[in-house]
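Dear colleague,

I am passing on the structure below, together with some notes on what was found in it. Please read the notes with the structure open beside them.

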Amino acid sequence: MPEYPESSEVTESTAEVDVNIPSVARMYDHYLGGKDNYAVDRAAVAELDKVVPSTRPLAVNNRRFLKRVVRALAEEYGVRQFLDHGSGLPTQENVHQVAQDVDAGCRVVYVDNDPIVLAHGRALLQENDRTCVVRADMRDTDAVLAHPEVTRLIDMEQPVAALFISVLHCIPDSSDPGGFVRRVAERLPSGSFVVINQLVSESARTRDFVTDFMERSTGGNWGRVRQQHEVARYFDGWEILEPGLGRINDWRPDGELAPRENYDEWYEYGGVARIP
């Protein structure tokens with residue numbers, strides 16, 4: 001019998017999980033100290049750390065960026081609706097918890113295609129009728145926006161924050177990550193926001209190793225580590241909020257001491273834009 005995490009139940013969703021193939025979501029969960037991962041995920045993390053050992057602090061800092069962004073959008077810009085693409089496994093201080101701490105009326109939809117994310121997310125949100133998890137391919141904008149749970153919670157007459165947090169590196173060039181982000185933005189009301197960050201490296205050795213390693217390890221569920229200029233193009237034509245595009249640790253830091261990263265390896269790059 002496969003050994004499932006203690007905190008999960010073997011449901012129709014979790015029964016689909018192949019515990020022999022690492023998952024990006026579960027590897028990220030392990031980096032954050034979570035329990036919803038398997039031996040194969042931990043082994044992949046150990047191999048990755050041999051070449052890019054700063055990945056754990058990078059994951060922690062990415063989570064802190066998410067919290068700062070959501071709080072700023074809710075507090076300073078009055079956003080009350082969040083659509084989180086490729087949300088991953090629930091951990092501490094999720095989007096709905098941060099947003100609803102500002103205003104209990106905030107509504108959040110998580111979108112992910114990982115069956116274990118669906119199972120854990122639904123268990124977490126059983127008593128929260130302003131938040132849901134939708135299992136869908138986030139690249140299929142029509143299907144996501146037409147989903148009954150999305151139409152129930154998201155009012156397309158009011159601004160929405162579309163989040164693409166540390167997920168576009170999972171999208172191959174053949175799926176045109178920039179194009180599908182644009183399709184989402186085109187469907188959002190004027191005054192909405194798009195948040196994007198993804199893994200980048202200016203080292204060809206690091207880009208090639210990580211891209212090849214993750215492609216092989218995850219059975220093809222990976223895209224590419226890109227360069228800054230490629231991510232910056234995603235924001236063309238939009239109003240970029242201060243302090244602009246850059247390393248996410250520099251986006252409105254809150255004074256909390258961030259784990260130290262080695263930026264010569266790789267880092268998360270991006271920012272926040274307002275849609276006209």
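Two strands are taken to pair if DSSP finds at least two bridges between them, and helices (H or I, at least four residues) and strands (E, at least two) are DSSP runs numbered from the N terminus. This is a predicted model, in which local features need pLDDT of at least 70 and side-chain atom pairs count only at pLDDT 80 or more, whereas totals for chains, interfaces and linings use all residues. Residues are numbered from 1 along each chain as its sequence is written, and side-chain values use heavy atoms, with hydrogens and water left out.

To begin with the strands, E2 (residues 107–112) runs parallel to E3 and is joined to it by five bridges, with Tyr 110 having Val 133 as its bridge partner in E3. Four of the five residues of E3 (residues 131–135) are buried, so this strand is largely enclosed by the rest of the structure; buried here means under 20% relative accessible area, exposed over 50% and partly exposed in between, with a 1.4 Å probe and protein chains only.

As for the aromatic residues, a search of the whole structure finds five pairs, where rings of Phe, Tyr and Trp (its six-membered ring) pair if their centres lie within 6.5 Å, and planes under 30 degrees apart count as stacked, over 60 as edge-to-face and the rest as tilted. The rings of Phe 164 and Phe 180 have centres 5.6 Å apart and planes at 75°, so this pair is edge-to-face; it links distant parts of the chain, with Phe 164 in strand E4 (residues 161–165) and Phe 180 in helix H8 (residues 177–187), 16 residues apart. Both Phe 164 and Phe 180 are buried. Phe 235 and Trp 238 are likewise edge-to-face, because their ring centres lie 6.5 Å apart and their planes are at 85°.

With kind regards
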